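The model shown below is predicted.

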Amino acid sequence: MTEILIIEDDKGLNAGIAIGLGNGNYHFTGCSTLAEARSAVRDSRFDLLILDLNLPDGNGYDFLREYRRQSDTPVLILTANDLEVNEVMGFELGANDYVTKPFSLAVLRARIENLLKISAGSRKITGSHTGPGATVFYQDSSLLLDPAHQRFEKDGRALSLSKTEQRLLLTLLENRGNTVPRDRLIETVWDGTEYVDENALSVAVSRLRSKLEDTPSHPVHIRNVYGIGYVWK
């Protein structure tokens with residue numbers, strides 16, 4: 001089931017979108033304030049967000065800016081703000097699409113399906129970290145990362161990763177798009193069986209970046225979320 005969060009203060013429109021687009025494959029959660037939306041994304045996982053910009057307790061741009069620090073889940077802005085400057089700002093802050101009101105439900109459905117298709121294709125990750133036997137696999141134009149089969153390649157050349165680097169990579173891939181706190185990474189990578197200086201994590205991340213990133217000082221994949229932890233983009 002595809003989980004979609006609608007952040008729209010017009011409750012009639014919120015419900016109307018869910019009814020109009022409901023086809024058995026989508027499950028919609030509706031929020032009418034930013035406070036409700038922040039709580040929803042904290043407690044649940046969504047495959048796509050539909051975001052209004054003008055909300056009772058704040059600006060949708062601010063929410064989008066916050067959300068992009070922790071997730072790359074597709075965000076479709078749905079708003080009455082039809083000025084070009086509004087649309088450009090939305091894309092600059094990380095929106096994946098921008099639809100203005102009034103709108104066609106058929107067009108909205110097509111855009112949602114397109115975003116979900118692009119998102120699924122770009123991830124190329126299967127499985128989860130739900131227990132033994134789970135499979136995590138990542139591949140893009142330069143990287144092939146298959147922890148289960150100890151296969152790590154960059155630009156067609158095999159990479160040698162230490163056990164610590166492999167555990168760090170696996171944890172980041174399992175949580176792709178979500179920020180993993182530093183203390184959780186330390187506990188997972190070193191099994192919590194020994195005292196580990198927090199600096200050890202920074203060193204491990206630096207070494208992993210040096211092997212995976214084209215420009216380690218400006219990483220594309222392993223991104224630092226200031227004051228919290230790291231996220232695989």
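In this predicted model, strand S1, which spans residues 2-7, is joined to S2 by 6 bridges, and the two strands run parallel. Within this pairing, Ile4 has Phe28 of S2 standing opposite.

**The sheet**
- The strands belong to an open sheet of 5 strands, whose order reads S2-S1-S3-S6-S7 and whose pairing is parallel.
- Strand S2 (26-31) and strand S7 (97-100) each have a single partner strand and stand at the edges, so one side of each is left without a neighbour in the sheet.
- From one strand to the next, the twist averages 20°.

**Helices on the sheet**
- Helix H1, made up of residues 11-21, packs on the sheet and touches S1, S2, strand S3 (48-51) and strand S6 (75-79), while its direction makes about 180° with that of S2.
- Helix H3, made up of residues 60-67, lies across S1, S3, S6 and S7, and runs at about 160° to S3.

- Asn86 is located in helix H4, which covers residues 84-92.
- Asn86 counts as buried because its relative accessibility is 16%, and the cut-off for buried is under 20%.

Key
Residues numbered from 1 in each chain as written. Predicted model: local features only at pLDDT ≥ 70, side-chain atom pairs only at ≥ 80, totals over all residues. Heavy atoms only, no water. Helix = DSSP H or I, 4+ residues; strand = E, 2+ residues; numbered from the N terminus. Buried < 20%, exposed > 50% of the residue type's maximum accessible area, 1.4 Å probe, protein only. Pairing = 2+ DSSP bridges. Axes fitted to C-alpha atoms, helices over the stretch in contact; angles between N-to-C directions. Contact = heavy atoms within 4.5 Å.
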